Amino acid sequence: MIKTGIDAMSFYVPHRYIGLESLAERHGIDPEKFSKGIGQEKIALPGHDEDIVTMAAEAAKPLIDKYGADGIDTVLFATETGIDQSKSAGIYVHRLLGLPANCRNVELKQACYSATPAIQLACGYVARKPDRRVLVIASDVARYELDSSGEPTQGAAAVAMLISADPRLVEIDPVSGCFTEDIMDFWRPNYRRTPLVDGKYSALRYLNALIEAWRDYQANGGLDYSEIARFCYHLPFSRMGEKAHRHLAKAAKTQVNMDQALPGMIYNRQIGNSYAASMYLALISTLDNSDMDLGGKAMGLFSYGSGAVAEFFAGRVVPGYRDHLFTERHRALIDEREQVDYEGYLKLWQAVDPGDGSERILPDEARGRYRLASINEHQRHYIDSA
Ligand code: HMG
């Protein structure tokens, strides 16, 4: 059978963050509740002129620069922070990146899960058409109410992936295990800017969905737990990944080895939840930050989206993968950010799009080359400032 999977992947994170010690001070609580209790350090904050489109274009640009755009005939944009109920955000990205006009474009939504079906669909497609490539982008801004218990788990990032036949990074195994249940653990009606969430219940459902998806994965002939070298989890906050890893080891009747999951949490601790991008950020974090050469090793991947849908599947890292990583760029994106204080954070959090069609020129703040320059007559105007 033809091998398909991730040929290249990179992420983008905005250049500003708030440290969780500032939020702890504001909440009047011990900062260790955030650093240890939920396992997070920083929340990435998009500027006024940044959104899911600009982050997506920034994440995908290095892939196009290095591997070209030939043969990309499909863009799948996974998000739950859609900017339009009708038009796919991927169409703006398609123009900003100069992708071929003979290309299909569609947006997918299922909370934090939607990049996973995007990849499964893309793998099936390139197996049928091995001369084509699919650009899958996951881009989200995780925002909760101010002063809520979800507030420290905010964040923002985009991950872009080229899906192809004979991939150079990670071959995706066709076996997977799925689980769907109709629950209200986290949801966002169209008229709301922030989600409604039953936080503790959501964490319990996540763990239950992990076991259900794992059982289905086993029933479908998946790898044994002992054959998997590293595990990447959807990370609403890194402590959730630790709990998940412990829970899965127990279900598999194995001693837990946290070193198999911790490399995946390094970037997420610094960025926060990035919803659809989160599990793929954990995958990049694992590839970038594992001392051991993972070539030939299997990675267990657990994707969860509230509401809820979960999938457990596996990928095999391709020998020589290190030549196709963007590790230096990723580390620089995280290390070269600016910290904002609580007042600065509030200003960014409170900025809303004009709902009446009036013109809004956005301050030139983004550090990347793509910006949302203005919104006028209900239209968003993106520019490439290179
Ligand atoms: P909370 O009220 O802060 O919870 O909400 P807590 O008071 O239980 O504290 C959390 C942990 O900190 C506890 O540890 C405390 O003991 C510990 P645990 O019992 O979990 O082991 N703690 C301390 N540790 C060290 N030093 C201290 C200290 N004080 C307390 N001084 C909650 C936490 C996650 C519920 C909240 O942040 C929330 O609602 N977040 C949003 C929802 C969420 O992330 N759910 C996760 C599963 S659902 C999911 O992943 C999907 C999602 O990504 C959305 C999508 O699919 O689109 C969210």
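Mentor: Let's begin with handedness: a crossing is left-handed if the near helix is turned anticlockwise from the far one by less than a right angle, and right-handed if clockwise. Keep in mind that this is a predicted model, where local features need pLDDT of at least 70, side-chain atom pairs count only at pLDDT 80 or more, and totals for chains, interfaces and linings use all residues. Residues are numbered from 1 along each chain as its sequence is written.

Trainee: Which hand does the crossing of H3 and H4 have?

Mentor: H3 passes H4 in a right-handed crossing. Helices here are DSSP runs (H or I, at least four residues) and strands are too (E, at least two), numbered from the N terminus.

Trainee: And what makes H3 oblique to H4?

Mentor: Helix H3 (residues 52-67) and helix H4 (residues 89-96) pack at about 45°, with axes 9 Å apart. That angle makes H3 oblique to H4. Angles under 35 degrees count as roughly parallel, over 145 as roughly antiparallel, 65 to 115 as roughly perpendicular and the rest as oblique. The axes are lines fitted to C-alpha atoms, for helices over the stretch in contact, and angles run from 0 to 180 degrees between N-to-C directions.

Trainee: Which residues make that contact?

Mentor: Ile52, Val53, Ala56, Ala57 and Ala60 of H3 meet Ala89, Tyr92, Val93 and Leu96 of H4. Contact is a matter of C-beta atoms, placed from the backbone, lying within 7 Å. By class there are nine nonpolar, no polar and no charged residues. Ala, Val, Leu, Ile, Met, Phe, Trp, Tyr, Cys and Pro count as nonpolar, Asp, Glu, Lys and Arg as charged, and the others, Gly among them, as polar.

Trainee: What is the angle between H6 and H7?

Mentor: H6 and helix H7 (residues 238-251) pack at about 40°, their axes 10 Å apart. That makes H6 oblique to H7. The crossing of H6 past H7 is right-handed, and its contact residues divide into ten nonpolar, one polar and one charged.

Trainee: How do you know where the ligand lies?

Mentor: Domain 1 (4-169 + 324-384) and domain 2 (171-320) both give residues to the shell around the ligand, so the ligand lies between them. The domain bounds come from an automatic or database domain assignment.

Trainee: How many residues surround the ligand?

Mentor: 29 residues do, and the closest are Gly37, Ala111, Cys112, Gly199 and Pro236. To be near, a residue needs its C-beta atom, placed from the backbone, within 6 Å. The shell has twelve nonpolar, ten polar and seven charged residues.

Technical notes:
Contact = placed C-beta atoms within 7 Å.
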